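Q: Could you walk me through this model? I'd like to start with one of the helices and then move on to the packing.

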Amino acid sequence: MKLLKSHWAFLSLFFLIVFQHAYPQTAMEEAEEMLSLVNGIRADRGIAPLRLNTELNNAAFDHSYDMASNNYFSHTGLNGSTFSQRSIEAGYTGSPRGENIAAGYYSVVNTFNQWVNSPGHLNNMLNSNANEMGIGHATFNGSTYTHYWTQLFGKGSIALDVEDHVLALQIMVYPNPVASILSIKSHIPLKKVEIYSIIGQKVKEIHSGFTSISTDELSRGVYTLRIHSENGFTSKIIIKN
């Protein structure tokens with residue numbers, strides 16, 4: 001019995017060590033969605049896209065978890081660390097360029113919109129001197145805001161590959177803002193387009209006729225387009241007048 005308990009204790013310690021800094025699969029899906037949204041607004045402004053970086057992802061998640069579990073909200077860690085120090089400590093070998101934090105929303109879209117509507121946070125996302133990004137979302141029930149987000153930006157030494165540009169640059173959505181008819185111009189075949197409200201609710205799904213999409217049934221406001229192709233999906237923010 002003692003041997004069995006010792007065995008399980010060893011396994012528990014092993015998994016704790018191995019997975020302590022692992023980036024969860026659900027969080028990676030969130031990171032990819034956030035990357036798509038950020039690259040969408042960068043493409044609209046003619047700015048080269050970002051790519052995800054594992055070390056920045058880990059540093060972002062660690063800071064979000066630290067804020068959530070210790071119930072505070074600050075760019076400065078409880079140990080006095082800055083975002084640059086946390087990025088380097090996580091193993092990032094590039095140059096840290098900036099950090100966004102947010103709290104209160106569980107969804108990627110709502111958190112993205114928080115940053116878009118804040119000039120300072122938007123400037124970080126549009127920084128042309130950054131080519132890498134990390135995102136971390138931690139949840140802690142009983143904390144003030146429950147959901148805590150950290151977004152890190154850096155400049156890596158390796159140039160972006162051609163495939164990093166594909167989805168962000170090959171799809172154009174216009175006009176934006178839109179009054180009645182929305183058009184999507186794409187150099188790659190599209191499979192479907194989903195439209196989500198600002199609270200993350202899917203309000204429309206289109207499988208054909210992408211060059212003439214009626215938006216008459218949509219209320220005025222901000223929406224997210226998730227545009228799917230065989231290569232994956234990219235997201236665009238539109239405003240309905």
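**Working through the model**

A: Just after H3, Asn 71 takes a positive phi of about 55°; helices here are DSSP runs of H or I with at least four residues and strands are E runs of at least two, both numbered from the N terminus. This is a predicted model, in which local features need pLDDT of at least 70 and side-chain atom pairs count only at pLDDT 80 or more, while totals for chains, interfaces and linings use all residues. Residues are numbered from 1 along each chain as its sequence is written, and side-chain values use heavy atoms, with hydrogens and water left out.

Q: Which residue caps the N-terminal end of H3?

A: Asn 53 does, with a side-chain oxygen 3.0 Å from the backbone nitrogen of Glu 55.

Q: And how many residues does H3 have?

A: Helix H3 covers residues 54-70, which is 17 residues, and spans 24 Å from its first C-alpha to its last, close to the 24 Å expected (1.5 Å times one less than the number of residues).

Q: Switching topic, which residues touch the most other members of the largest nonpolar core?

A: Met 34, Phe 112, Met 125 and Met 133 do, in a core of 22 residues. A nonpolar core is a set of buried Ala, Val, Leu, Ile, Met, Phe, Trp, Tyr and Cys residues joined through side-chain atoms within 4.5 Å, where buried means under 20% relative accessible area, exposed over 50% and partly exposed in between, with a 1.4 Å probe and protein chains only.

Q: Which element gives the largest share?

A: H2 does, with six residues.

Q: What does Phe 112 touch?

A: Not counting residues up to four places away in sequence, Phe 112 touches Met 34, Leu 37, Val 38, Ile 41, Met 125 and Ile 237, a contact being heavy atoms within 4.5 Å.

Q: OK, strands now: why is S7 largely enclosed?

A: Strand S7 (residues 190-196) is largely enclosed by the rest of the structure because five of its seven residues are buried.

Q: Which strands does S7 pair with?

A: S7 runs antiparallel to strand S10 (residues 221-229), joined by six bridges, and also pairs in the antiparallel sense with strand S8 (residues 202-206) over four bridges; pairing requires at least two DSSP bridges between the strands. Leu 190 stands opposite Ser 229 in S10, whereas Glu 194 stands opposite Glu 205 in S8.

Conventions. A polar contact is a pair of N or O atoms within 3.5 Å; within protein, one must be able to donate a hydrogen and the other to accept it, and residues adjacent in sequence count only if both atoms are side-chain atoms.
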